[in-house]
Amino acid sequence: MAAYLCPPAVIHGEHAVETGQIVAEVRDRHPHAAWAPRIDGIAASTGISTRGWMLPLEAAVAPGRGGGLRAVGIGPAQEALARDGFTQHEVDRVISALEAIPAPQTVEERTAPAWEAVRSYGERAARGALQIAGLDPADVDCLITSHSTTPALPGLDIALANKLSLRNDVMLLPATQWACIAGTRSLALAADLVAADPDRVVLVVISEALSTTYQPVDDTLESLIVRLLFADTAVAAVVTGRPRRESVLRLDSAWHHTVPGTQDLHRLDTRADGTHFVMDRRGPRAVQETVTAMWEWLRVRYQDDPEAWHPDLLLAHPGGTRVLEYMEQTMPDAWPSGLLDYSRDSYTSGNRGGAAVFDIMRRAHDAGQNPGSRAVLYAAAPGLTATALEGEWL
């Protein structure tokens, strides 16, 4: 399967959003929520003090452009009130009062600026990855893209093909529904593509504006957690079938796993006011099932190794600290400690979804790794599905 990965480019959201800002906004909006007395402890338990967003917090919490009459319109409301016996003076007063009621942003108001940011950040990441790899846009044979919270048609693939002036014969492979698994699954697909043609150059770009799931009106505990967790990031990397001077990681094998009947545990719902990320408390247990299955894949893969094999790096995006703890608890006893240090470091500034594994890999690269170090890359996503890769640092 050998595929060669150049260091990824990582573009973090440029607007720093403090946890304290989120807590203050939510507490002011939902003072009587059942979880309100515990909000400080809940926020502290995430371990996240600051996250970067592509747009400022003010953009997420601002009211929509229309007032409380946006759904029915002023004219029909006036006619209904007049038919019900209201005088013109009373109608005018009622209409004025209803127009003053703040309305939530519409899907268009919330998504349009985020989509513009996703394209801009994606382009910056793509150009950065090509520069790191010592390549030009004309060298790209295939472009794989993912962006899960800003649905669009045409998508990021077409936008980048035009922005980067890619060749007309470049294969475009958009994958907008990969979500958190985009990092590992895109690399697995890229590895298959270069295995079929070792001279092929694959560019992977993942641009996620996860802050679009911040929904001010929601008052559930799960919605509070979503507000606190997510960060916005764009990442990109070049994968080739032959080693380059810039290559840092060789990918040797891939593994995929899906847990049946778990499609409703975590999901995106599109409603009148935008995209809502719906969480189920059973989710971490389902993710743990994929971790157990991954351990078994690695055990079988290396059961004939004459030495006691173990990874030197575990670049994992399991979605939360609970699963990171579970991974540490269920690793073979002989494995060294600290394998998840870069994953934990990345998580302290937010859950980056599909961009997470590339960010974790970049942190490991910048810290310096010994040639020959074995690495395992892992991610799980709504579905509930997971993909892992195993390879060697160059």
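Biologist: Which residues line the largest cavity?

Modeller: W53, L55, P56, A59, A60, Q105, E109, R110, P113, A114, S211 and T212. On a 1 Å grid over the protein atoms alone, a cavity is a set of points where a 1.4 Å probe fits but cannot get out, and lining residues have an atom within 4 Å of a point. One caveat: this is a predicted model, where local features need pLDDT of at least 70, side-chain atom pairs count only at pLDDT 80 or more, and totals for chains, interfaces and linings use all residues. Residues are numbered from 1 along each chain as its sequence is written, and side-chain values use heavy atoms, with hydrogens and water left out.

Biologist: Which element gives the most to that lining?

Modeller: α6, with four residues. Helices here are DSSP runs (H or I, at least four residues), as are strands (E, at least two), numbered from the N terminus.

Biologist: What volume does the largest cavity have?

Modeller: About 100 Å³, counted as the space filled by probe spheres set on the grid points, which are joined across faces, edges and corners.

Biologist: Changing topic: at what angle do α6 and α7 cross?

Modeller: Roughly 55°, with the axes of α6 (residues 107-133) and α7 (residues 156-163) coming within 10 Å. The axes are lines fitted to C-alpha atoms, for helices over the stretch in contact, and angles run from 0 to 180 degrees between N-to-C directions.

Biologist: Which residues make the contact?

Modeller: On α6, W115, V118, R119, G122, E123 and R127; on α7, L156, A159, L160 and K163. Contact means heavy atoms within 4.5 Å.

Biologist: OK, pockets now. How much space lies in the largest one?

Modeller: About 700 Å³. A pocket is an open set of points with protein on both sides within 12 Å along at least five of seven lines. Its lining has 29 residues, with I225, L229, M279, P284 and G319 nearest the centre of the largest pocket.

Biologist: And which element gives the most there?

Modeller: α9, with four residues in the lining of the largest pocket.

Biologist: What about the second largest pocket, how much space lies in it?

Modeller: About 350 Å³. The second largest pocket is lined by 18 residues, and S148, T149, T176, A179 and L268 lie nearest its centre. β10 gives the most to that lining, with three residues.
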